[in-house]
Amino acid sequence: KRLPQAIIIGVKKGGTRALLEFLRVHPDVRAVGAEPHFFDRNYERGLAWYRDLMPRTLEGQITMEKTPSYFVTKEAPARISSMSKGTKLIVVVRDPVTRAISDYTQTLSKKPDIPSFESLTFKNRTTGLIDTSWSAIQIGIYAKHLENWLLYFPIRQILFVSGERLISDPAGELGRVQDFLGLKRIITDKHFYFNKTKGFPCLKKAEGSSKPHCLGKTKGRTHPDIDQEVVQRLRDFYRPFNMKFYQMTGQDFGWD
């Protein structure tokens, strides 16, 4: 059992589960199924506890985990860096407005009596002041969170995966991920089929199985209808942060 050499650190509702499931098809990737939450919630348990959660690997295999809340956790970059400065980091990002709605949809499915998306978005609806303390909005300010990571890791050690392209061209995005991890490009088009009902790609064969594999019922939930004016306000709010994020990463994600 080895400490992970690569971690999917974010973001929540970006497509991290899909990416991990797709990657596990690769014979040289071994990953923890559940999210360990070591660098945010369980850090005091120590590295030996963390290592013990990891799957056994052979020489040349990569150990991975994913916990999307790491990206927004203040202490996570320093903690991961002190484990290993060479850790490769992967962030799956998607349009922050859609991401916020998806985040809200997930909460709504667990707590049907929460206030409306619209009322949680604004500190003050009349002035249109956005409530940046609400985590659904906070998470999407990617540029701000990334600054924290760049204090500890060079940008070349962080790969940014487009959540949108993970749906429209899973093999293309997986090609970039395999290159970044130094793996042979084994996962290709032939591993995927598009599931029209779910609206996203599924694996023809999952790890250790010969059956097709789609992500569970909690993925691809139908989003509630959100007032278009609110969506527009959010687009305007995120635009400068998105632009800064594009500059920092050298990638235009096309959200605007």
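Is Ser162 buried or exposed? In this predicted model, Ser162 has a relative accessible area of 1% and is therefore buried, since the cut-off for that class is under 20%. The residue belongs to strand β7, which spans residues 158–162. Leaving aside residues up to four places away in sequence, Ser162 is in contact with Val93, Glu173 and Phe253.

I turn now to the largest pocket. Its volume is about 810 Å³. There are 37 lining residues, and those closest to the centre of the pocket are Lys13, Gly14, Gly15, Arg94 and Lys219. Which helices and strands each supply at least two residues of this lining? They are α1, residues 16–23; α4, residues 96–110; α8, residues 163–168; and the strand β9, residues 200–203. Sorted by class, the lining comprises 12 nonpolar, 13 polar and 12 charged residues.

According to the UniProt record, an unreviewed entry, the annotation "active site" covers Lys13. This lysine is placed in the loop between β1, residues 6–10, and α1. Why does Lys13 count as buried? Its relative accessibility is 14%, and the class requires a value under 20%. Lys13 is also among the residues closest to the centre of the largest pocket. Which residues does Lys13 touch, not counting those up to four places away in sequence? The list consists of Arg94, Arg99, Ser102, Asp103, Gln106, Lys219 and Arg221.

Helix α1 is mostly covered, with eight of its eight residues buried. They are Thr16, Arg17, Ala18, Leu19, Leu20, Glu21, Phe22 and Leu23. As noted for the pocket, α1 supplies at least two residues of the lining.

My final topic is a pair of helices. Two packed helices are described by the angle between their axes and the distance between the axes. For α7, residues 142–150, and α10, residues 228–249, the axes come within 8 Å and cross at roughly 35°. On the α7 side, the contact is made by Tyr142, Ala143, Leu146, Glu147 and Leu150. From α10, the contributing residues are Phe241, Lys244, Phe245, Met248 and Thr249. By class, this contact of α7 with α10 contains seven nonpolar, one polar and two charged residues.

Note on methods:
Residues numbered from 1 in each chain as written. Predicted model: local features only at pLDDT ≥ 70, side-chain atom pairs only at ≥ 80, totals over all residues. Heavy atoms only, no water. Axes fitted to C-alpha atoms, helices over the stretch in contact; angles between N-to-C directions. Helix = DSSP H or I, 4+ residues; strand = E, 2+ residues; numbered from the N terminus. Contact = heavy atoms within 4.5 Å. Nonpolar A, V, L, I, M, F, W, Y, C, P; charged D, E, K, R; others polar. 1 Å grid on protein atoms, 1.4 Å probe; cavity = no way out; pocket = protein on both sides within 12 Å on 5 of 7 lines; lining within 4 Å. Points joined across faces, edges and corners; volume = space filled by probe spheres on them. UniProt positions renumbered as here; feature names shortened; annotations may be inferred. Buried < 20%, exposed > 50% of the residue type's maximum accessible area, 1.4 Å probe, protein only.
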